[in-house]
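Welcome! Let us take a friendly walk through this protein chain, one stop at a time.

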Amino acid sequence: MCTRFVYHGEDIITGFNFDIDLSVWNHKVIKEKERFYIGILRPDGRYHSYHGVNQNGNVGTLLYVHGNPAGAYQGTPNCVSIADLTEQFIKAQLSFDEVLQIVQSKEITYAPDATMQAMLSDIQGRTLIIEPGIGYREEHKKYSLLTNYSLLNRESTKDFIVQGDDRYERALQMLENCKNNFSISDAFTLLRAVRQEEPWATRVSFVYSAKEQAVYYVENNCFDRIERFVFPSAKQERSHHATETLSPLHG
């Protein structure tokens, strides 16, 4: 379970709730010179960046979705896994336009061991929703939103909607009512409103401000303790070393 959005106002703001079952996945928040990401431990012993932000403004996230046979992993030259594509985008090995070319020319599949869909966005707020086996949609509008059900073919996942899971509808209503001055505080208000509890609880919530080139984040639903990471390349008045504790943000 996860929730991801992009909002275009005076600032371009991205928000993400990372919801996982700790009995299934091992993760940690990792801050590097060029990347902020939620590292996922894989069988190769490395923490992979499937959910994160690059200093160039690339933001990539993977969201679990009930799979369909058309998106099954194949490992052939004309196929690219959604996990590899997303990580390469977060690492700035691929630009937004290059990813767009790939989804137009190659078949995008699930990872070998997980079925996921993705939302990718850049510093301009252009957004790409990719659903393996179904297709993709490029957006550049006031807001974009994705949870754990298909947007491009709603029928394909409607039977898997968890009873009472109305995160998409609640988040959509909040975004529809937001103004041009949508803020970091407003983003956290939204993420807090759709946070999840055990077993698939929200483990990390992050908000990226394109204007500040900074990531604000909380862990384990502790919204009264917000941390701030500023990319060293950003011309910020306060610090180039960039991790500090902030006072709580209130909507």
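## A walk through the chain

Helices (H or I, at least four residues) and strands (E, at least two) are DSSP runs, numbered from the N terminus. Before going on, please keep in mind that this is a predicted model, in which local features need pLDDT of at least 70, side-chain atom pairs count only at pLDDT 80 or more, and totals for chains, interfaces and linings use all residues. Residues are numbered from 1 along each chain as its sequence is written, and side-chain values use heavy atoms, with hydrogens and water left out.

Back to L145: its relative accessibility is 5%, so it counts as buried. Buried means under 20% relative accessible area, exposed over 50%, and partly exposed in between (1.4 Å probe, protein chains only). Which residues does L145 touch, not counting residues up to four places away in sequence? They are T3, R4, F5, M119, L151, Y168, A171, L172 and L175, where contact means heavy atoms within 4.5 Å. E197, by contrast, is 52 residues from L145 in sequence and 21 Å from it in space, C-alpha to C-alpha.

Another stop is S81, in strand β7 (residues 79-81). With 6% relative accessibility, S81 counts as buried. Setting aside residues up to four places away in sequence, S81 touches Y73, T109, Y110 and A111.

Now let us step back and look at the chain as a whole. It has 4 helices and 16 strands. Its radius of gyration is 17 Å, close to the 18 Å that the globule rule gives for 251 residues, so the chain is as compact as a globular protein of that length. Here the radius is taken over C-alpha atoms, and the rule is 2.2 Å times the number of residues to the power 0.38. Along the principal axes, the C-alpha atoms fill a box of roughly 50 × 40 × 35 Å. Of the 251 residues, 53% are buried. Among contacts in the chain with a separation of 6 or more, 57% are between residues 24 or more positions apart.

Next come the aromatic rings. A pair of aromatic rings is described by the distance of the centres and the angle of the planes. Rings of Phe, Tyr and Trp (its six-membered ring) pair if their centres lie within 6.5 Å; planes under 30 degrees apart count as stacked, over 60 as edge-to-face and the rest as tilted. How many aromatic pairs does the structure hold? There are 10 aromatic pairs. In one of them, the ring centres of F36 and Y217 are 5.1 Å apart and the planes stand at 50°, so this pair is tilted. The pair links distant parts of the chain, with F36 in strand β4 (residues 35-41) and Y217 in strand β14 (residues 214-219), 181 residues apart. Both F36 and Y217 are buried.

In the pair of F188 and F223, the centres are 6.2 Å apart and the planes are at 75°, so the pair is edge-to-face. This pair also links distant parts of the chain: F188 is in helix α4 (residues 184-193) and F223 in the loop between β14 and β15 (226-230), 35 residues apart. F188 is buried, with a relative accessible area of 1%, and F223 counts as buried at 7%.

Q213 sits in the loop between β13 and β14, and is partly exposed at a relative accessible area of 26%. Leaving aside neighbours within four places in sequence, Q213 is in contact with Q55, Y208, F229, V230, F231, S233 and A234. Although Q213 and T202 are 11 residues apart in sequence, they are 24 Å apart in space, C-alpha to C-alpha.

Finally, let us turn to the backbone. Most residues other than glycine have a negative phi, and most peptide bonds are trans. A92 has a positive phi of about 65° although it is not a glycine, and it lies in the loop between α1 (82-90) and α2 (96-105). N221, in the loop between β14 and β15, likewise is not a glycine and has a positive phi of about 65°. Between E198 and P199 there is a cis peptide bond, with omega about 0°, and P199 belongs to the loop between α4 and β13 (201-209).
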